[in-house]
Amino acid sequence: MRLEKWVESVLRRFHRHGFEAYAVGGCVRDALLGRTPHDYDITTSALPREIRALFEETVDIGGFGTVCVILPQGRVEVTTFRADGSYEDHRHPDKVRFGVSLAEDVRRRDFTVNALCWDGDRVIDLVDGQKDLRDSVMRTVGDPRQRFAEDPLRILRLYRFAAQLDFTVDPETESAARRAAPLLAGIGAPRIGDELDKLLLTPRPESGRAVFPLLPGGFAAKGTLSDLPPDLICRWAGLFFRAGKDEAPAVSFLRGLHRSNRIVYGTRDVLRGLAREDDIGHLLWKYGRETTERILHIKDPARLDELRAFLSSGRCWRPEDLALNGFDLLSAGVPPKQIGETLSRLTEHVLSHPEDNTPERLRQLIKERQNEKDQ
Ligand code: ATP
Ligand code: MG
């Protein structure tokens, strides 16, 4: 295997100055699998101030002495060899200890396939990670019970990596993960939410399905999700819909995980639309184009062609497509406060009567309505 030249040049700079340095974690795993790494981590014997002294541009990140080295070609996160202290709170190590060996640094890492190192020439494998990589197996480094108890987020990472890499989970690791699941209640909701987002965006989220019943307030996930586009709202909505979860519990689940309003309301709209039978025009009118697409992907992908045909036909489905705009309505005598509602009502009308989308006919409809009201 090889990493990008500039990453290897960073390794060599450490070596030239007498430090040990290895690429580690996801980048080595992905490179060995023939995938392109999306970021690079380096672990080194150099202390943070020694790392900073070796490179022109660096930024400190996190609270534990990780230094981001910035080069014109990209950036790498460099961390001094360390051993994690105890995890009293099941969340963060109380302290980290520098001045340890590579072997100790590797032992604090979560899974064997994430603990492989690359020194620029050779793979250094202290945990039989290459065998697990060949067998497509996720397994913790060391005793799984202890590792999940130290940091229960690893339970979610386990299923996320299994889904991302299409790996199976070693049975001992799996049973320890299930047993440690109650500890997830002590983990910050946003961290859980971020991990689940990542899981849902993998190519085969259904292989991480086992995680959902383990969550606080969790539920049995059913069906596939890989048939849906890799869009967070579509996948969340698909997950809830196929698990038989309605709008209200879905919204409170997402809120509980501190998901953004965009995600919460976006998912709510899709579930709302899924719960009702509507033709394409009405779906578009009520929910807009994006939500309608998601609804069809989940319920009726065969109708996506119908949606495309509708959209390219130029038929009216939103107020902007009407032959009259808000100013026209004002001059037609519609009170300012009723403009929005009137535009929406007219839009719905022309959905079923496309021939009525002319200025004259719309003005006539407004008049008829005003007369009705006056009577
Ligand atoms: P990717 O970036 O593709 O999601 P990754 O393996 O690089 O996967 P990161 O979250 O970037 O994962 O972490 C980098 C490395 O740090 C991991 O490969 C692992 O060795 C270690 N690591 C990260 N989080 C933990 C954790 N919670 N417990 C133990 N080790 C961890
Ligand atoms: Mg990474």
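Here are some questions and answers about this predicted model.

Residues are numbered from 1 along each chain as written, and chains are lettered from A with ligands numbered from 1 in written order. Local features need pLDDT of at least 70 and side-chain atom pairs count only at pLDDT 80 or more, while totals for chains, interfaces and linings use all residues; side-chain values use heavy atoms, leaving out hydrogens and water.

User: Is Phe-310 buried or exposed?
Analyst: Let's find it: Phe-310 lies in helix α14, residues 304–312 (helices are DSSP runs of H or I with at least four residues, strands are E runs of at least two, numbered from the N terminus). Buried means under 20% relative accessible area, exposed over 50%, and partly exposed in between, with a 1.4 Å probe and protein chains only. Phe-310 has a relative accessible area of 10%, so Phe-310 is buried.

User: At what angle do α11 and α12 pack?
Analyst: Helix α11 covers residues 247–256 and helix α12 covers residues 261–274, with their axes 10 Å apart. Axes are lines fitted to C-alpha atoms over the stretch in contact (heavy atoms within 4.5 Å), and angles run from 0 to 180 degrees between N-to-C directions. The two helices pack at an angle of about 165°.

User: Which residue of β4 stands opposite Asp-60?
Analyst: Strands β3 (residues 58–61) and β4 (residues 66–71) run antiparallel and are joined by 4 bridges; strands pair if DSSP finds at least two bridges between them. They form a hairpin with 4 residues between them. Opposite Asp-60 stands Val-67.
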